[in-house]
Amino acid sequence: MNYAAIKKCNISNGPGCRTALFVSGCTRHCEGCFNQEAWDFHYGQPFTPAVEEEIIESLRPGHIRGLSLLGGEPFEPANQSALLPLLRRVRRELPDKTVWCYTGYNYETDLLPGHVGDPAVTRELLSCLDVLVDGDFRLAEKNIRLRFRGSENQRIIDVPQSLAQGTVVLWDGTATP
């Protein structure tokens, strides 16, 4: 996997000060995408163990609230297996940090039933997330006043609650994630 950028102390992709990892590669190609250069799976730099270590170290300070995954597309099958060890490590070493993920895929129809990539890997990735912002960016529904999302159709999903209840539970903005 390649990555397009790492932004430390990012405040626009989840609550608080976060590290944001922008992965490379996306086959969804949403009209009006803010990061079209990251559609190319070869864009940016290789995601190496040293890069993983840099991300982990950037998350350690107390003022950093967590990690946000963006793209490109984190749930592209080619990206899932590279992200899973990072998320396992975050959960193991930094359990107080939250993990947000932005995807163009739909939680119920694409990710939960395992229609994207290896179902076991997709399910484990979901289990490592606190919040999932799902749905294609739709230029016709763009709204710059929305909190943590770009278009009206996108949802902010509380993943642990959704998995536990077997139905989509939207993040209400007051809980810890």
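**Notes on the predicted model**

1. The protein carries 18 positive and 22 negative side chains, and the centres of these two sets lie 5 Å apart. Please keep in mind throughout that this is a predicted model.

2. The secondary structure comprises five helices and seven strands, and, read from the N terminus, the elements follow the order β-β-β-α-β-α-β-α-α-β-β-α.

3. As to overall dimensions, the C-alpha atoms fill a box of roughly 40 × 35 × 35 Å along the principal axes. The radius of gyration is 15 Å, which agrees with the value near 16 Å that a compact globule of 177 residues would have.

4. Buried residues account for 51% of the 177 residues, while the accessible surface comes to about 8200 Å², with 52% of that area belonging to carbon and sulfur atoms. Of the contacts between residues at least 6 apart in sequence, 66% join residues that are at least 24 apart.

5. Which residues of helix α1 are buried? In this helix, which spans residues 49–59, they are V51, E52, I55, I56, S58 and L59. Seen down the axis of α1, the buried residues fall within an arc of 160°, so they line one face of the helix. P49 and A50, on the other side of α1, are exposed.

6. The buried residues of α1 pack against several elements, namely the strands β1 (2–10), β2 (17–23), β3 (45–46) and β4 (64–70), together with helix α2 (77–93).

7. Helix α4, residues 119–127, has V121, T122, L125 and L126 as its buried residues. These cover an arc of only 135° around the axis, which puts them on the same side of α4. Their packing partners are α2, α3 (107–111), β6 (131–134) and α5 (159–165), so that α2 is named as a partner both for the buried residues of α1 and for those of α4.

8. Is L21 buried or exposed? Its relative accessibility is 0%, and L21 therefore counts as buried.

9. Leaving aside neighbours within four places in sequence, L21 is in contact with Y3, A5, I6, F47, I55, L67, S68, L69, L70, L83 and L86; one of these, I55, is also among the buried residues of α1. L21 and L84 are 63 residues apart in sequence, and their C-alpha atoms are 13 Å apart in space.

Methods. Residues numbered from 1 in each chain as written. Predicted model: local features only at pLDDT ≥ 70, side-chain atom pairs only at ≥ 80, totals over all residues. Heavy atoms only, no water. Helix = DSSP H or I, 4+ residues; strand = E, 2+ residues; numbered from the N terminus. Rg over C-alpha atoms; globule rule 2.2 N^0.38 Å. Buried < 20%, exposed > 50% of the residue type's maximum accessible area, 1.4 Å probe, protein only. Contact = heavy atoms within 4.5 Å. Areas by Shrake-Rupley, 256 points an atom, 1.4 Å probe, with all protein chains shown as cover. Lys, Arg positive; Asp, Glu negative; His and termini not counted. Charge placed at Lys NZ, Arg CZ, Asp CG, Glu CD. Arc of directions from axis to C-beta.
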